[in-house]
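Subject: Handover of a structure and notes on what was found

Dear colleague,

Please find below the structure that I am handing over to you.

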Amino acid sequence: MTSELLPEFTTPAIDVRGLHKHFGQNEVLKGIDFHVDPGQVVCVIGPSGSGKSTLLRCVNRLEEPTSGEILIEGIDICDPEVDLDDVRSRIGMVFQQFNLFPHLSVLKNLTLAQRTVRGRGKGEAVEIARQNLAKVGLSEKEAAYPAHLSGGQQQRVAIARALSMNPDMMLFDEPTSALDPELVGDVLAVMKDLASEGMTMMVVTHEMGFAREVGNKLVFMDGGVVVEEGRPADVLSNPQHERTQAFLSKVL
Amino acid sequence: MKRTTRTRLVRYGVNLAIVLVLLALALVADWGVIKQNFWNPLGVALSDGNWGDLITIGALNTIKYTVIAFAGGLVLAVVLALMRMSPIATLRWIATVYVEFFRGLPALVVILFMGFGVPIAFQWSPPGGLVGAGLLALIMVAGAYMAETLRAGIQAVPKGQTEAARSLGMGPMSTMFKVVLPQAFRVVIPPLTNEFVLLIKDTALLSVIGAEFNGRELTNVARDFQSSGPSAGTATSLVQAALLYLVITIPLTQLVAWLERRQRKATR
């Protein structure tokens, strides 16, 4: 990890201030304040349409915020001077639908951005790719194409692809929601390993068990606002807000 | 009457009618003239070398011109397709006008225009003489058609692919050329092969503006044999050219069909 990229420890990895997002007339984020400290795992839960995925997608500006500030390691990424591609290369992202590149082998999926963005040579890129494939337990699949992998395997490859860029933090957008139930465990195990290594993580999820066990903080969103946040065990067992209680009573 | 019986009777009736029409045509036709025009001189032509020029000059140039027009058209199409999806409105507008303009004109008109209109109006001749001018015209027309095909292919690539590439820090250009276009090309290989077959046939239009002896494509060679040589005054050389076109195009149309079948299987 390159230490000069990390400002002093107290600067949040992700710091969202007064974030609003409109899709046409529809306001999906109504003033969000949200932060993730370095090394923390923050889980975001809430009903569908609550704006939790939009919030996560604003963090690397896959969605353009309507107003508000987004600071990544202290740098406002909405500033037009900021090199957005550079910022994104330091934020790993994992999608609900995996989004592996179907025309490339697993190994090429992991080396493409390393070579085009990081400018790494082939040997170095392959070496880093293999380390990360080993980490997600799929070393033997490096020559396979995504279509020949199960959903769980594809998602683990997607995690390895993001890790191959040596990101400072990882965003997970409902990483297990598209998986068959029996495949969820493998992906969550990889995420848990990652958390125990100290990776900064923002996880939009419906996996309450993961949130309770791995998360440092739990954020409950509804209707485009943060309704409640706190230690996962506290929020899950003793929700203070009525809407949180209603949501948890349905999913737990 | 049962429905199956009636269906069978209708089928017999149709077949009988077809046989009767063919018989009538065979009786009415003047076989002497037909043979004279299409078949008889074939033997003469064969020995006198029609086939030689038709194949080594005509068919080869047809293939060469098709490949040039296709390659040029494809490059133009990529540029036009990217322009049509550009965030810059002026580029979109220019590409749209271009595509609508050249898709709306007969290729023959564009060829005549490039061959005879442009040199007079602009005091400038496209390189490669009349053939070069004709090829440029074919490139301009083919580019317009293929741009639309490519755009459809690019838009068929899921948005998540672009998002994944951009989230890794890849810029818009490397995302387009390394992630989106390779996938788009797979989708459009059957329609592009089809466009290739259409281009083979469109090269015949080049015969209207003329070419040097060794630069003539298949139709041009065939037409020259209509006016001179042992089969002059007959359609023999046209029949020969037609056979050569089919030898080139039928394997390709079969290839398109095979590619489409394979793709349907792959996407299922």
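In these notes, a residue is called buried when its relative accessible area is under 20%, exposed when that area is over 50%, and partly exposed in between, using a 1.4 Å probe and protein chains only. Helices are DSSP runs of H or I with at least four residues, strands are runs of E with at least two, and both are numbered from the N terminus.

This is a predicted model, in which local features need pLDDT of at least 70 and side-chain atom pairs count only at pLDDT 80 or more, while totals for chains, interfaces and linings use all residues. Residues are numbered from 1 along each chain as its sequence is written, chains are lettered from A and ligands numbered from 1 in the order in which they are written, and side-chain values use heavy atoms, with hydrogens and water left out.

Helix 5 of chain B

The buried residues of helix 5 of chain B are B:Ala107, B:Val110, B:Ile111, B:Met114, B:Gly115, B:Val118 and B:Pro119. Their cover includes helix 4 (89-103) and helix 6 (129-156) of chain B. Helix 5 itself (residues 107-122) has a kink of about 40°, centred on B:Phe113; the bend at a residue is the angle between axes fitted to the seven residues ending there and the seven starting there. After helix 5 of chain B comes B:Gln123, with a positive phi near 55°.

Two further positions in chain B

B:Thr66 belongs to helix 3 (residues 50-84) of chain B. B:Thr66 counts as buried because its relative accessibility is 1%. A polar atom of its side chain lies 2.6 Å from the backbone oxygen of B:Thr62. Beyond its neighbours within four places in sequence, B:Thr66 is in contact (heavy atoms within 4.5 Å) with B:Phe196, B:Leu199, B:Ile200 and B:Thr203.

B:Val187 is part of helix 8 of chain B. With a relative accessible area of 36%, B:Val187 is partly exposed. Its C-alpha atom is separated by 47 Å from that of B:Ser228, which is 41 residues apart from it along the chain.

The interface of chain B and chain A

Contacts join 18 residues of chain B to 21 residues of chain A. About 1,600 Å² is buried between the two chains, and carbon and sulfur atoms give 61% of this; buried area is the accessible area (1.4 Å probe) that two parts lose on being put together, summed over both. On the side of chain B, B:Glu163, B:Ser167 and B:Leu168 lose the most area to chain A, together 36% of what that side buries.

Five residue pairs in polar contact are found across this interface, with both residues at pLDDT 80 or more. A polar contact is a pair of N or O atoms within 3.5 Å; within protein, one must be able to donate a hydrogen and the other to accept it, and residues adjacent in sequence count only if both atoms are side-chain atoms. Helix 7 (159-167) and helix 8 (172-202) of chain B each supply at least two residues of the side that touches chain A. Helix 7 of chain B gives the most to that side, with eight residues.

Salt bridges

A salt bridge is a side-chain nitrogen of Lys or Arg within 4 Å of a carboxyl oxygen of Asp or Glu. Over all chains, the structure holds 22 salt bridges. Two of the salt bridges lie across the interface of chain B and chain A. A:Arg57 forms a salt bridge with B:Glu163, with 2.6 Å between the closest N and O atoms. A:Arg57 and B:Glu163 are both buried. A:Arg57 also meets A:Glu63 in a salt bridge of 3.1 Å, N to O. A:Arg57 is in helix 1 (residues 52-59) of chain A and B:Glu163 is in helix 7 of chain B, so this pair joins two chains. A network of salt bridges links A:Arg57, A:Glu63, B:Lys159 and B:Glu163.

A proline in chain A

A:Pro146 sits in the loop between helix 4 (122-135) and helix 5 (151-163) of chain A. A:Pro146 counts as buried, at 4% relative accessibility. A:Pro102 is 44 residues apart from A:Pro146 in sequence, yet their C-alpha atoms are 5.6 Å apart in space.

With kind regards
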